[in-house]
Amino acid sequence: MQTASRQPSTDNGWTAASSSNVPKYFPASEEKWLRSCLDEPDGPLFVVIDRDHDQVIGFGGYELSEFYHLGTLVFGLVRADCHGQGVGRLLLGYRLRHMARRKLRPRYVTVDTHAHTAGFFQRCGFEEISRWPGGYRSGRDRVDLRIELTDEALARWDE
């Protein structure tokens with residue numbers, strides 16, 4: 001597997017990775033929003049590529065605030081048949097380390113996600129800060145989580 005910064009200029013599995021998570025992890029109503037984020041990201045976008053098949057098996061990005069000590073993870077996902085293989089953890093760690101090297105290093109990193117994926121972030125050191133029943137327009141619950149981006153927190157990604 002390879003993690004790299006890359007634009008979705010050719011499909012190479014972007015659509016398959018996204019669609020494989022519908023409807024269990026993402027409702028179909030969010031696919032249009034996701035595609036717009038990929039076409040015009042507000043920050044760095046990273047992909048995980050299966051080198052053997054030159055296929056995208058995961059992707060995600062982040063945004064940094066110019067006014068707050070805050071980074072926000074956006075649209076991270078892993079192709080459904082690759083869940084549980086460490087791809088999500090690899091992508092998350094890569095994004096956190098990338099943010100930590102930026103001139104505007106954030107103190108906190110937040111993510112909003114569906115209730116069924118919040119546990120992944122909690123196992124990776126994030127703490128739940130709020131839960132909104134029906135918080136997404138799709139009707140799914142929204143969970144907000146954060147992690148303090150300390151050197152100690154980053155060390156867990158080097159283990």
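Mentor: Two strands are said to pair if DSSP finds at least two bridges between them, and the helices (H or I, at least four residues) and strands (E, at least two) are themselves DSSP runs, numbered from the N terminus. This is a predicted model, in which local features need pLDDT of at least 70 and side-chain atom pairs count only at pLDDT 80 or more, while totals for chains, interfaces and linings use all residues. Residues are numbered from 1 along each chain as its sequence is written, and side-chain values use heavy atoms, with hydrogens and water left out.

Trainee: In which sense do β2 and β3 pair, and over how many bridges?

Mentor: Strand β2, which covers residues 45-50, pairs with β3 in the antiparallel sense, and six bridges join them. Along this pairing you can find V47 opposite F59 of β3, and L45 opposite G61 of β3. The two strands belong to a hairpin with four residues between them, and in that hairpin D54 has a positive phi near 45°.

Trainee: How should I read the two faces of a strand, and which residues of β2 point each way?

Mentor: In a regular strand, side chains alternate between the two faces of the sheet. In β2, L45, V47 and I49 point one way, whereas F46, V48 and D50 point the other way, and all of them are buried, a word that stands for under 20% relative accessible area, with exposed meaning over 50% and partly exposed in between (1.4 Å probe, protein chains only). Because six of the six residues of β2 are buried, this strand is largely enclosed by the rest of the structure. Strand β3, residues 55-64, is also described as largely enclosed by the rest of the structure, because seven of its 10 residues are buried.

Trainee: Which residues touch the most other members of the largest nonpolar core?

Mentor: In soluble globular proteins, nonpolar side chains tend to be buried together. A nonpolar core is a set of buried Ala, Val, Leu, Ile, Met, Phe, Trp, Tyr and Cys residues joined through side-chain atoms within 4.5 Å. The largest one here has 26 residues, and L73, L92, L96, V109 and F126 touch the most other members. Two or more residues of this core come from each of β2, β3, β4, α3, β5, α4, β7 (142-148) and α5 (151-155), and α3 gives the most, with six residues. When its neighbours within four places in sequence are left aside, L96 is in contact (heavy atoms within 4.5 Å) with V109, F126, L149, L154 and W157. There is also a second, separate core of 12 residues, which includes W14, L45, V56 and F59.

Trainee: Is W132 buried, partly exposed or exposed, that is, how does W132 count?

Mentor: W132 counts as partly exposed because its relative accessibility is 41%. You will find W132 in strand β6, which covers residues 127-132. Leaving aside its neighbours within four places in sequence, W132 is in contact with D141, R142 and D144. If you look for A115, it is 17 residues apart from W132 in sequence, and the two are 9.4 Å apart in space, C-alpha to C-alpha.
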